[in-house]
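Dear colleague,

Please find below the structure that I am handing over to you, followed by an account of what was found in it.

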Amino acid sequence: MPKLKLAQKIAPAIVPLAPLVFTLAATPTIAATFASSESTVIIDNFSHNPFDSEVITDTFTNTFATDGNVNASTDAIANFITEPPSAFNSSFSSTDGTGNNYSGTADSFAGVLGNFSVNSGETFSFNFDANLNLTTSIDNPQTETAIADGTVSFALYDTSNVDSWTLLDSFTISGNVTSGNNDFLNFNSSDGTQLNLSNISLTTNFGGDRESASASTEGLFSRTFDRVTNLTLVEVKENRSTVAVPEPSIAVGTVLGIFALGYRAWNRRVGVK
(Lines give C-alpha, C1' and ligand atoms only; values in the text may rest on other atoms or scores of the structure.)
Protein backbone atom coordinates (compact mmCIF):
# COMPACT_ATOMS: atom_id res chain seq x y z
CA MET A 1 0.00 0.00 0.00
CA PRO A 2 1.41 3.48 -0.88
CA LYS A 3 2.76 5.34 2.12
CA LEU A 4 0.38 8.27 1.66
CA LYS A 5 -2.65 5.98 1.80
CA LEU A 6 -1.17 4.15 4.78
CA ALA A 7 -0.77 7.45 6.65
CA GLN A 8 -4.34 8.46 5.88
CA LYS A 9 -5.62 5.17 7.28
CA ILE A 10 -3.51 5.14 10.43
CA ALA A 11 -3.86 8.79 11.42
CA PRO A 12 -7.40 8.36 12.91
CA ALA A 13 -6.07 5.66 15.26
CA ILE A 14 -3.86 8.18 17.01
CA VAL A 15 -5.55 10.03 19.84
CA PRO A 16 -4.45 13.70 19.72
CA LEU A 17 -2.54 14.89 22.72
CA ALA A 18 -4.11 17.56 24.87
CA PRO A 19 -3.61 21.12 23.65
CA LEU A 20 -0.89 23.09 25.36
CA VAL A 21 -1.96 25.79 27.80
CA PHE A 22 0.65 28.19 29.14
CA THR A 23 0.41 30.42 32.19
CA LEU A 24 1.83 33.76 31.11
CA ALA A 25 4.15 35.55 33.50
CA ALA A 26 4.15 39.34 33.55
CA THR A 27 6.91 39.51 36.13
CA PRO A 28 9.68 36.94 35.47
CA THR A 29 11.38 35.15 38.34
CA ILE A 30 14.08 32.52 38.50
CA ALA A 31 12.42 29.23 37.58
CA ALA A 32 13.21 25.51 37.54
CA THR A 33 10.96 23.10 35.66
CA PHE A 34 10.94 19.46 34.59
CA ALA A 35 8.60 17.24 32.56
CA SER A 36 8.89 13.70 31.24
CA SER A 37 6.62 11.31 29.34
CA GLU A 38 7.45 7.71 28.48
CA SER A 39 5.64 4.58 27.34
CA THR A 40 6.42 0.99 26.37
CA VAL A 41 4.37 -1.72 24.68
CA ILE A 42 5.01 -5.46 24.21
CA ILE A 43 2.72 -7.52 21.96
CA ASP A 44 3.27 -11.29 21.71
CA ASN A 45 1.64 -14.72 21.57
CA PHE A 46 0.01 -13.92 18.25
CA SER A 47 -2.35 -16.60 16.99
CA HIS A 48 -1.29 -15.91 13.38
CA ASN A 49 1.91 -14.89 11.63
CA PRO A 50 1.77 -11.54 9.81
CA PHE A 51 2.25 -11.62 6.05
CA ASP A 52 3.54 -8.04 6.21
CA SER A 53 4.70 -5.64 8.94
CA GLU A 54 6.03 -2.12 9.35
CA VAL A 55 7.58 -0.08 12.15
CA ILE A 56 8.07 3.64 12.52
CA THR A 57 9.87 5.94 14.95
CA ASP A 58 10.45 9.66 14.93
CA THR A 59 11.41 12.43 17.33
CA PHE A 60 11.29 16.20 17.40
CA THR A 61 12.67 18.80 19.83
CA ASN A 62 12.39 22.56 20.00
CA THR A 63 14.01 24.94 22.50
CA PHE A 64 14.06 28.71 22.96
CA ALA A 65 15.73 30.79 25.67
CA THR A 66 16.56 34.48 26.03
CA ASP A 67 17.30 34.41 29.76
CA GLY A 68 17.94 30.90 31.01
CA ASN A 69 18.77 27.35 29.96
CA VAL A 70 16.49 24.66 28.58
CA ASN A 71 17.14 21.05 27.52
CA ALA A 72 15.01 18.63 25.49
CA SER A 73 15.75 14.95 24.87
CA THR A 74 13.89 12.13 23.11
CA ASP A 75 14.19 8.46 22.23
CA ALA A 76 12.04 6.09 20.17
CA ILE A 77 12.47 2.37 19.39
CA ALA A 78 10.23 -0.05 17.46
CA ASN A 79 10.65 -3.69 16.42
CA PHE A 80 8.33 -6.28 14.86
CA ILE A 81 9.68 -9.84 14.69
CA THR A 82 7.67 -11.98 12.29
CA GLU A 83 8.64 -15.55 13.33
CA PRO A 84 7.60 -16.18 16.00
CA PRO A 85 5.66 -12.92 15.82
CA SER A 86 6.20 -10.33 18.54
CA ALA A 87 6.40 -6.55 18.66
CA PHE A 88 8.03 -4.07 21.00
CA ASN A 89 8.24 -0.31 20.95
CA SER A 90 9.00 2.51 23.35
CA SER A 91 9.17 6.29 23.27
CA PHE A 92 10.49 8.85 25.72
CA SER A 93 10.43 12.65 25.93
CA SER A 94 12.01 14.84 28.61
CA THR A 95 12.48 18.60 29.06
CA ASP A 96 13.90 20.76 31.83
CA GLY A 97 14.81 24.40 32.25
CA THR A 98 16.00 27.12 34.57
CA GLY A 99 15.90 30.88 34.26
CA ASN A 100 13.50 33.72 33.54
CA ASN A 101 12.44 33.31 29.93
CA TYR A 102 12.57 30.00 28.04
CA SER A 103 10.50 27.24 26.50
CA GLY A 104 11.21 23.73 25.32
CA THR A 105 9.33 20.75 23.97
CA ALA A 106 10.24 17.14 23.18
CA ASP A 107 8.01 14.92 21.04
CA SER A 108 8.58 11.22 20.37
CA PHE A 109 6.58 8.76 18.28
CA ALA A 110 6.77 4.98 17.83
CA GLY A 111 4.42 2.55 16.16
CA VAL A 112 4.06 -0.94 14.70
CA LEU A 113 1.71 -2.31 12.04
CA GLY A 114 0.99 -5.93 11.15
CA ASN A 115 -1.15 -7.41 8.37
CA PHE A 116 -2.77 -10.80 8.99
CA SER A 117 -5.12 -13.19 7.21
CA VAL A 118 -7.65 -15.38 9.07
CA ASN A 119 -9.93 -18.08 7.72
CA SER A 120 -13.59 -18.58 8.47
CA GLY A 121 -14.08 -19.89 12.02
CA GLU A 122 -10.59 -18.89 13.17
CA THR A 123 -9.82 -16.70 16.19
CA PHE A 124 -7.26 -13.93 15.94
CA SER A 125 -5.61 -13.15 19.28
CA PHE A 126 -2.57 -11.63 20.97
CA ASN A 127 -1.28 -10.71 24.42
CA PHE A 128 -0.12 -7.21 25.28
CA ASP A 129 1.64 -5.31 28.04
CA ALA A 130 1.43 -1.50 27.93
CA ASN A 131 2.80 1.18 30.26
CA LEU A 132 2.58 4.98 30.38
CA ASN A 133 4.41 7.22 32.87
CA LEU A 134 4.10 11.01 33.19
CA THR A 135 5.94 13.35 35.59
CA THR A 136 6.13 17.13 36.07
CA SER A 137 7.92 19.36 38.54
CA ILE A 138 7.90 23.14 39.07
CA ASP A 139 9.09 25.57 41.74
CA ASN A 140 6.71 28.47 41.21
CA PRO A 141 3.16 27.80 39.92
CA GLN A 142 2.62 31.52 39.26
CA THR A 143 5.31 31.77 36.60
CA GLU A 144 6.18 28.25 35.43
CA THR A 145 4.54 25.67 33.20
CA ALA A 146 5.39 21.97 32.93
CA ILE A 147 3.35 19.54 30.82
CA ALA A 148 3.72 15.80 30.27
CA ASP A 149 1.19 13.99 28.14
CA GLY A 150 1.01 10.82 26.12
CA THR A 151 -1.16 8.24 24.45
CA VAL A 152 -0.91 4.56 23.56
CA SER A 153 -3.49 3.37 21.03
CA PHE A 154 -4.39 -0.05 19.61
CA ALA A 155 -6.69 -0.42 16.59
CA LEU A 156 -7.73 -3.51 14.62
CA TYR A 157 -9.10 -2.97 11.10
CA ASP A 158 -10.81 -5.21 8.56
CA THR A 159 -8.71 -4.44 5.48
CA SER A 160 -10.19 -7.00 3.10
CA ASN A 161 -11.09 -3.99 0.98
CA VAL A 162 -7.81 -2.07 0.79
CA ASP A 163 -9.63 1.10 -0.25
CA SER A 164 -12.10 1.08 2.63
CA TRP A 165 -10.78 0.01 6.02
CA THR A 166 -13.35 -0.89 8.69
CA LEU A 167 -12.44 -0.31 12.35
CA LEU A 168 -13.33 -3.43 14.36
CA ASP A 169 -11.88 -2.80 17.80
CA SER A 170 -9.73 -0.22 19.58
CA PHE A 171 -8.47 0.66 23.03
CA THR A 172 -6.39 3.55 24.29
CA ILE A 173 -4.38 4.68 27.30
CA SER A 174 -4.06 8.46 27.53
CA GLY A 175 -2.94 10.94 30.13
CA ASN A 176 -2.00 14.54 30.76
CA VAL A 177 -0.21 16.12 33.70
CA THR A 178 -0.10 19.91 33.60
CA SER A 179 1.16 22.13 36.40
CA GLY A 180 -1.98 23.60 37.89
CA ASN A 181 -4.81 22.01 35.85
CA ASN A 182 -6.01 19.74 33.02
CA ASP A 183 -4.78 16.53 34.69
CA PHE A 184 -6.24 13.17 33.68
CA LEU A 185 -5.39 9.50 33.14
CA ASN A 186 -7.78 7.23 31.23
CA PHE A 187 -8.17 3.77 29.75
CA ASN A 188 -10.88 3.53 27.08
CA SER A 189 -12.03 0.79 24.72
CA SER A 190 -14.54 0.68 21.88
CA ASP A 191 -17.98 -0.85 22.44
CA GLY A 192 -17.86 -4.61 22.19
CA THR A 193 -14.08 -4.87 22.22
CA GLN A 194 -13.03 -8.49 22.69
CA LEU A 195 -10.62 -7.61 25.46
CA ASN A 196 -9.75 -9.55 28.61
CA LEU A 197 -7.68 -7.46 31.03
CA SER A 198 -5.67 -9.55 33.47
CA ASN A 199 -4.17 -6.48 35.13
CA ILE A 200 -4.80 -2.75 35.02
CA SER A 201 -3.34 -0.14 37.34
CA LEU A 202 -3.99 3.60 37.10
CA THR A 203 -2.07 5.68 39.65
CA THR A 204 -2.21 9.47 39.93
CA ASN A 205 -0.67 12.15 42.11
CA PHE A 206 -2.32 15.38 41.00
CA GLY A 207 -1.97 18.79 42.61
CA GLY A 208 1.00 20.59 44.09
CA ASP A 209 4.36 21.31 42.53
CA ARG A 210 5.27 17.65 41.90
CA GLU A 211 2.71 15.68 39.89
CA SER A 212 2.68 12.26 38.27
CA ALA A 213 0.47 9.67 36.59
CA SER A 214 1.19 6.10 35.58
CA ALA A 215 -0.79 3.37 33.85
CA SER A 216 0.06 -0.31 33.54
CA THR A 217 -2.12 -2.79 31.66
CA GLU A 218 -1.85 -6.43 30.65
CA GLY A 219 -4.40 -8.43 28.76
CA LEU A 220 -5.52 -10.70 25.96
CA PHE A 221 -7.35 -9.60 22.84
CA SER A 222 -9.27 -12.21 20.80
CA ARG A 223 -11.93 -12.11 18.08
CA THR A 224 -13.44 -14.91 16.01
CA PHE A 225 -14.32 -14.41 12.34
CA ASP A 226 -17.09 -16.05 10.32
CA ARG A 227 -15.44 -15.43 6.96
CA VAL A 228 -12.00 -15.12 5.40
CA THR A 229 -10.73 -11.70 6.52
CA ASN A 230 -7.60 -9.62 6.10
CA LEU A 231 -6.73 -7.75 9.28
CA THR A 232 -4.40 -4.85 10.07
CA LEU A 233 -3.30 -4.28 13.66
CA VAL A 234 -1.96 -0.79 14.36
CA GLU A 235 -0.33 0.18 17.66
CA VAL A 236 0.98 3.73 17.98
CA LYS A 237 2.22 5.89 20.81
CA GLU A 238 3.23 9.50 21.25
CA ASN A 239 4.91 11.14 24.21
CA ARG A 240 5.38 14.85 24.68
CA SER A 241 6.90 16.99 27.40
CA THR A 242 6.98 20.78 27.58
CA VAL A 243 8.42 23.34 29.99
CA ALA A 244 8.10 27.11 29.76
CA VAL A 245 8.50 30.38 31.57
CA PRO A 246 7.19 32.63 28.79
CA GLU A 247 6.69 36.37 28.63
CA PRO A 248 3.52 37.56 26.85
CA SER A 249 5.51 38.74 23.83
CA ILE A 250 6.80 35.24 23.00
CA ALA A 251 4.11 32.96 24.41
CA VAL A 252 1.81 33.01 21.39
CA GLY A 253 4.60 32.16 18.97
CA THR A 254 5.78 29.35 21.21
CA VAL A 255 2.32 27.78 21.40
CA LEU A 256 1.75 28.01 17.64
CA GLY A 257 5.14 26.46 16.95
CA ILE A 258 4.43 23.45 19.15
CA PHE A 259 0.68 22.93 18.81
CA ALA A 260 0.76 20.77 15.64
CA LEU A 261 3.62 18.45 16.61
CA GLY A 262 1.30 15.51 17.29
CA TYR A 263 1.28 14.33 13.68
CA ARG A 264 4.30 16.10 12.22
CA ALA A 265 6.67 13.22 12.95
CA TRP A 266 4.40 10.67 11.28
CA ASN A 267 3.67 12.84 8.25
CA ARG A 268 7.33 13.64 7.74
CA ARG A 269 8.22 9.92 7.84
CA VAL A 270 5.62 8.75 5.33
CA GLY A 271 6.00 11.70 2.96
CA VAL A 272 2.77 13.62 3.54
CA LYS A 273 3.26 17.32 2.78
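A salt bridge is taken here as a side-chain nitrogen of Lys or Arg within 4 Å of a carboxyl oxygen of Asp or Glu. By that criterion the side chains of Arg-227 and Asp-158 form a salt bridge, with an N to O distance of 2.6 Å. The two residues belong to distant parts of the chain, 69 residues apart: Arg-227 sits in the loop between strand 9 (210-224) and strand 10, and Asp-158 in strand 5. Arg-227 is partly exposed, at a relative accessible area of 41%, whereas Asp-158 is buried, at 10%. Please bear in mind throughout that this is a predicted model.

Salt bridges

The structure holds five salt bridges in total, and two further ones deserve a description here.

One of them joins the side chains of Asp-149 and Arg-240, at 3.1 Å from N to O. This pair also links distant parts of the chain, with Asp-149 in strand 5 (residues 145-158) and Arg-240 in strand 10 (residues 229-245), 91 residues apart. Are its two partners buried or exposed? Asp-149 counts as buried because its relative accessible area is 1%, under the 20% limit. Arg-240 is likewise buried, with a relative accessible area of 2%.

The other is formed by the side chains of Asp-169 and Arg-223, with 2.8 Å between N and O. Asp-169 is buried, at 2% relative accessibility, while Arg-223 is partly exposed, with a relative accessible area of 24%. The side chains of Asp-169 and Arg-223 are also joined by a polar contact of 2.8 Å. Apart from neighbours within four places in sequence, Asp-169 is in contact with Phe-154, Ala-155, Leu-156, Ser-190, Gly-192, Thr-193, Gln-194, Phe-221 and Arg-223.

Nonpolar cores

The largest nonpolar core comprises 38 residues, and those with the most contacts inside it are Ile-43, Phe-46, Phe-124, Phe-126, Phe-154 and Leu-231. Which strand supplies the largest share of this core? Strand 4 (residues 123-138) does, with seven residues. A second, separate core has eight residues, among them Leu-113, Ala-155, Tyr-157 and Trp-165.

When residues up to four places away in sequence are not counted, Ile-43 touches Ser-86, Ala-87, Val-112, Phe-126, Asn-127, Phe-128, Phe-154 and Glu-235.

Two further isoleucines

Ile-147 lies in strand 5 and counts as buried, at 2% relative accessibility. Ile-147 and Thr-105 are 42 residues apart in sequence, and their C-alpha atoms are 9.2 Å apart in space.

Ile-42, by contrast, is found in strand 1 (residues 31-44) and is partly exposed, because its relative accessibility of 38% falls between the limits of 20% for buried and 50% for exposed. Together with Ile-77 and Phe-88, Ile-42 forms a nonpolar patch on the surface, and the three residues have about 220 Å² of accessible area together.

Yours sincerely

Notes. Residues numbered from 1 in each chain as written. Predicted model: local features only at pLDDT ≥ 70, side-chain atom pairs only at ≥ 80, totals over all residues. Heavy atoms only, no water. Core = buried A, V, L, I, M, F, W, Y, C linked by side-chain atoms within 4.5 Å. Buried < 20%, exposed > 50% of the residue type's maximum accessible area, 1.4 Å probe, protein only. Helix = DSSP H or I, 4+ residues; strand = E, 2+ residues; numbered from the N terminus. Contact = heavy atoms within 4.5 Å. Patch = residues over 30% accessible without salt bridge, like charges linked within 9 Å, V, L, I, M, F, W, Y side chains within 5 Å. Areas by Shrake-Rupley, 256 points an atom, 1.4 Å probe, with all protein chains shown as cover. Polar contact = N/O pair within 3.5 Å; in protein donor to acceptor, adjacent residues only side chain to side chain.
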